[in-house]
Amino acid sequence: MQGSRPLEQPRVPTTRRYLMCPPRFFAVEYAINPWMDPSQPASAEVALEQWTALRDTYRRLGHTVEEIEPEPGLPDMVFAANSGTVVAGRVLGSRFRAPQRAAEAEHFRRWFVEHGYRDITMPEKINEAEGDFAWTGNLLLAGTGFRTDPAAHAEAQEVLGVPVVSLNLVDPRYYHLDTALFVLAEATDTTRAQIAYYPDAFSPGSRRVLERLFPDAVLADAADAECFGLNGVSDGRNVVLPVEATGLAALLEKRGYEPVFVDISELRKAGGGPKCCTMEIRKG
């Protein structure tokens, strides 16, 4: 059992580059996932404080954080992960399923153009970017079931030029792949990737695929999934997690990772956590 594993050697972090969007216009004005309730108050001020602490945590860990300006009328623009997938400098933009978020895609596309990116493709299929795409270092795990169209998986393979593995999500609370799975350590020439995930969020066939590909994965329980513990961000050693994800943190420590806790309680009211706020830019 995972809990009985011997303590592993500390792991080596790698510096990352992230794109984030301050939640100055954050609000819960509509419900497009089970976590959103417009009748419950949500504070842009508190959300900005929590977001700032998350951004500063990344910088303290040695990572580069770039920022895109938020736009009035787009309260979910803070969830930058949904607006682009970048692998080896190639940018695949997004196409949202919910009309309330559709305009976000163009703002992010412009940011990439203005910052010198030339290999940019906007998808034809519904594609919610890193919300449903997780790069493992040698393949792209791709979620579907609630947001991203399964046909977007083939489109991503063609645009990004990387192998794609499709996974079916079955629990509407975990509507994006990044609410149920994240990459702890990317694959190298000599080591396989390691991930953490919540098995009950996936179809039986997808669970078998994950077991085959990642037999050494960290398996989270319902309590850690419900607090968005699987919406974590790892640099290979330091793992940024919601403060409530204590069970998952204990498992990660046994594997040699260093949990770093942040409070995302206000952002969670819109169905988001650390990863939702964080697009990784991989220049290759």
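**Figure 1. The lining of the largest cavity.** Ten nonpolar, two polar and seven charged residues make up the lining of the largest cavity, where Ala, Val, Leu, Ile, Met, Phe, Trp, Tyr, Cys and Pro count as nonpolar, Asp, Glu, Lys and Arg as charged, and the others, Gly among them, as polar. This is a predicted model, in which local features need pLDDT of at least 70, side-chain atom pairs count only at pLDDT 80 or more, and totals for chains, interfaces and linings use all residues. Residues are numbered from 1 along each chain as its sequence is written, and side-chain values use heavy atoms, with hydrogens and water left out. The largest cavity has a volume of about 240 Å³, and of the 19 residues that line it, F182, V183, K275, E280 and R282 lie nearest its centre. The elements that give two or more residues to this lining are β6 (133–135), β9 (181–185) and β12 (233–234), and β9 gives the most, with five residues. Helices (H or I, at least four residues) and strands (E, at least two) are DSSP runs, numbered from the N terminus.

Figure 2. Rolling a probe the size of a water molecule over the atoms shows where empty space is left. On a 1 Å grid over the protein atoms alone, a cavity is a set of points where a 1.4 Å probe fits but cannot get out, whereas a pocket is an open set with protein on both sides within 12 Å along at least five of seven lines, and lining residues have an atom within 4 Å of a point. Grid points are joined across faces, edges and corners, and a volume is the space filled by probe spheres set on the points. A search of the whole structure finds three cavities of 30 Å³ or more. The second largest cavity holds about 70 Å³ of space, and its 13 lining residues include N33, F79, R101, Y175 and A270, which lie nearest its centre. The largest pocket holds about 290 Å³, and among its 15 lining residues R11, A185, E186, T188 and T191 lie nearest the centre. The lining of this pocket divides into four nonpolar, five polar and six charged residues.

Figure 3. Strand β1 (residues 17–20) and strand β2 (residues 64–67) pair in the parallel sense over four bridges, and in β2 the bridge partner of L19 is E66. From β1 the chain crosses through helix α1 (residues 44–60) to β2 in a right-handed β-α-β crossover, that is, with the strands pointing away from the viewer, the path from the first strand over the helix to the second runs clockwise.

Figure 4. Strand β4 (residues 90–92) runs parallel to β5, joined by two bridges.

Definitions and conventions
Pairing = 2+ DSSP bridges.
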